[in-house]
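Subject: Structure handover and notes

Dear colleague,

Please find the structure below, handed over for your files. My notes on it come after.

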Amino acid sequence: MAAAVCVSTTASAIGPASDTLDLGGLWRFQLDPMDFGKTPGSELYLSRLPETIILPGTTDTGGKGIKNTAAYVDRLSRKFEYNGPAWYQREVTVPADWAGAALELELERCHWFSTVYVDGRKVAAGERLSTPHRWYLSDALTPGTHTLTICVDNRAPFPMDQWNHGTTEYTQTNWNGIIGDIHLVARRAMHIRDIQLYPDAASRSVDVRVRTTATTDGVLTLGVDDPAGKQVAAKTVTVTPGDSLLTVNIPLGRDARLWDEFDPALYLVTASLRSDAGIDLRSERFGLRSVEQGSHHIRINGIDRHLRGTLDCAVWPLTGYPSTYKSDWLRIMRTIRDYGMNHVRFHSWCPPEAAFDAADELGLYLQVELPMWIKDVGRHPDRRDWFEREMYAILDEYGNHPSFVLYCNGNENEGDFSVLEDLIVKGKAHDPRHLYSASTARTHTPSDQYYVSHVTAKGWITVYEGRPATDWDVNAASSIDVPVIAHETGQRCMYPDFEEMAKYTGVLEPRNMGVFRDRLARSGMLHQAGDFFKATGAHTVLQYKEVNEALLRSDRSGGFQLLGLQDFPGQGSAFVGLLDAFWESKGLVSPEKYRESCAPRVLLAKMPKRVYSSSEPFEASLHIYNFGTSDLRQGHTDWRIEDEAGNRVASGRVSHDRVMRSTVDSLGPIKADLTAVGAPGRYTLHAEEGDIHNSWDIWVYPEADTVESTVFVTDPDEALARLAQGEAVLLVPSDAPGRKTRFASHFWTPIMFNWDPMIVGTLIDDRHPAFGSFPTDMYADWQWTDILDNARALNLTDIGPLTPVIQSIDTYEVNRKLGIAFEAKVGRGRLFVLCVDPDKNIDQRPATRRLLRSVSDYVSGQAFNPAFSLEPHQVKALFAPAAETDGSGTSDAIRQLLNQ
């Protein structure tokens, strides 16, 4: 049975087919930009509105508002914008057999404030942003035809800042309208108003709390169906006038199934209230689960759970508002599960009911938040009071859902934290079915039951990027008094995929991407757009693998919330997702491959570095992250090292004892001799146990590589003199101007975080003969770390069609052509420029030594024949002192990240 189904027992009572009147469809409409619609003499609720619009929907979907011609670079652009009151109107005919019924009007989600008029008389008003607007209107809606007029006002009545995802223009937009179910429900005069379910996993029982109108004597029957639809328990109690709240405990049997990520078993409670008014039925689903604060982890049903999560920031590029259809949410959440995750944080917003339903069925743990992201907490009492009412509304509306595990007030709030702590103290007292936290980041309060943050008092816990070494963790910083969840991990920016623009067929247009594409074309690099996307995307994939594994290695970490699995089209256009804004794959990594480093069980390797000389032994240790369904039995893990052709270089087996569930444990050390490695290049360590597999790349270069064995000049003037003599010259400038480069891509978005170096990645011409003995991919893999962290990129934008051999990819907002390495004919000579540091700790940098050797061999060989020509004065100009920044803004960057 669906919720709120009424069944008749007499001929004059409401029939089962007519208990709900769907109000979706064509409504009359009018905008009210001057806000005169409620003033005397201009009352729109007394008028017949002149336009039409379809509901459920918004002013955007209806093509109403101000036609927007702007191309915002920091977000998607709405085709139509509107901020203010909008009026919706239609006739409603109440059936004659509804006489005497309790009539409830429900608007599933309004944005934001609603005022309801019936026949020109104000009868109700709503202020909820996160839950339905509902009112009993029996007195106004008597049998017959009435004019129903609703004013929806999307203006904020108090300062809300611009960021929270419940109202921001940066994601779902600050839309005006009514979405989801819009209907009028007829209930018995004596009926069930609400059911709250409090399961107890330990006793395998559920407390059913039923709120009724209880105006006469009645009988309440409660039945519980198991996941297969079989009734497993039932109880009947009498109801007397005044019994508005009844609590009934129902045992489910010792074999009742518990709800969790591995077995999302759902039970159904059906409540039947029989009285002289007839029979009223309601049903609610629930999962038999408990949640509690563990030492370092969230505990579900008494078992530690490590949260592998992503953020949902209310990105809906087709509609500009969140879907209320379960099918849409099942698609999204299945995708999240396919990538090995068990957790979703709804960042500063609360989704509709359909999202909870989908998460219940799939076994995802949700963190739900108020639409709060403010820097002056405590300053506006009316706002504070509204947040409290909104919190209670969220808890009451969605509290039955087993997926609703964590509640948080909002994101990175600042101000008076006693106000935030007061809210969660009240929340815990109101509904203990969840764990509570005052805010993500900034301040850890004594009442927090978990803490999501970048940092604790003991150090940083969020991992934004990997390191060449994998023998580190964040255990020390994670060891505080509550479970710690790493806040917004990753955030590695990549270049946009302009092919995606064709997907935007709804109310939002990617004009930002159009601006970026046009600027790239003006810089003469539009033909490289696809390669920029692929190279930066591949780099993001390798970074997220290491980000995830660092937190899986940390057995005191409570989990992580990746930012993100999905792109974020606002705040400067943050293309950080492995999936696009539509939750669809960008083709960067398959779910199966991603699950090697993000799943309930993951093999891990602790390695001191990635790049080796052939004379060094390879030493590492294998570990396993076991947050699966059971202990891992005593057994063995096989490992091998292979070259790129699949030839085995070394192999072995590590035996291990039983590995307990919910632990990260060592499997044992491994060691391999690399002296037999012939060719320089990439080798891959594979580890396997049963159906669990993971792999890590390493690079091995000859010990004989020395800087002395390469031939290059460091002075541009000397290079020009040699070129004039017709020589082939490798120039490795000792003091190159230009931009300092970096291995890792830019954080989040360079438009919002405008700090050095403004680079989103590196593109390498991997087929170029300069890399004859330095095998590489087109993107910066780990062997490039010390090279790129000790290099500079020259601004080649004005040079013409020259394409760098190693190219730093500039921000998509500016799109300058930046070259770390390039080649050209100069007069009678041939020039190869490589802007890397050949001196700093060079004996500890085998990759740089090998790159220098490979390029030097190329320049001295017959294959060195550049296709592009430069004039000597152009070369000289490239090495003139430039105003490019040097990447020294790190401390300022950290302060900006922390909103300081």
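Predicted model: local features only at pLDDT ≥ 70, side-chain atom pairs only at ≥ 80, totals over all residues.

Residues are numbered from 1 along each chain as its sequence is written, and side-chain values use heavy atoms, with hydrogens and water left out.

Overall chain

There are 13 helices and 52 strands in the chain. Both are DSSP runs numbered from the N terminus, helices being H or I with at least four residues and strands being E with at least two. Along the principal axes, the C-alpha atoms fill a box of roughly 105 × 70 × 45 Å.

Of the 900 residues, 60% count as buried. Buried means under 20% relative accessible area, exposed means over 50%, and partly exposed is in between (1.4 Å probe, protein chains only). The accessible surface of the chain is about 32600 Å², and carbon and sulfur atoms hold 48% of that surface. Areas come from the Shrake-Rupley method with a 1.4 Å probe; for residues, only the protein chains shown count as cover.

Among contacts in the chain with a separation of 6 or more, 72% are between residues 24 or more positions apart; a contact means heavy atoms within 4.5 Å.

Charges and salt bridges

The chain carries 91 positive and 119 negative side chains, and the centres of the two sets are 1 Å apart. Lys and Arg count as positive, Asp and Glu as negative, while His and the chain ends are not counted. Each charge is placed at NZ of Lys, CZ of Arg, CG of Asp or CD of Glu.

The structure holds 59 salt bridges, a salt bridge being a side-chain nitrogen of Lys or Arg within 4 Å of a carboxyl oxygen of Asp or Glu.

- Glu 261 and Arg 308 form a salt bridge with the closest N and O atoms 3.8 Å apart. Glu 261 is in the loop between β20 (245-251) and β21 (267-275) and Arg 308 is in strand β26 (residues 307-312), so the pair ties together parts 47 residues apart in sequence. Glu 261 and Arg 308 are both buried.
- Asp 376 and Arg 383 meet at 3.0 Å, N to O, and both are buried.
- Arg 492 and Glu 465 meet at 3.6 Å, N to O. This pair links distant parts of the chain, 27 residues apart: Arg 492 is in the loop between β34 (484-490) and β35 (508-509), and Glu 465 is in the loop between β33 (459-460) and α5 (475-478). Arg 492 counts as buried at 2% relative accessibility, whereas Glu 465 counts as partly exposed at 23%.
- A network of salt bridges links Arg 384, Asp 385, Glu 388, Asp 422 and Lys 426.

Backbone geometry

Most residues other than glycine have a negative phi, and most peptide bonds are trans. Some exceptions follow.

Leu 55 and Pro 56 are joined by a cis peptide bond with omega about 5°; Pro 56 is in the loop between β4 (51-55) and β5 (57-58). Another cis peptide bond joins Leu 563 and Gly 564, with omega about 0°. Gly 564 is in the loop between β36 (559-563) and α8 (591-594).

Asp 35, in the loop between β3 (25-31) and β4, has a positive phi near 60°. Its relative accessible area is 32%, so Asp 35 is partly exposed. Gln 491 also has a positive phi, about 60°, and is found in the loop between β34 and β35. With a relative accessible area of 3%, Gln 491 is buried.

Two single residues

Tyr 82 lies in the loop between β8 (80-81) and β9 (85-94) and is buried at 6% relative accessibility. Leaving out residues up to four places away in sequence, Tyr 82 touches Leu 31, Asp 32, Pro 33, Thr 59, Gly 65, Asn 154, Asn 174 and Asn 176.

Gly 800 is in the loop between β48 (792-795) and β49 (806-810) and counts as partly exposed at 30% relative accessibility.

Regards
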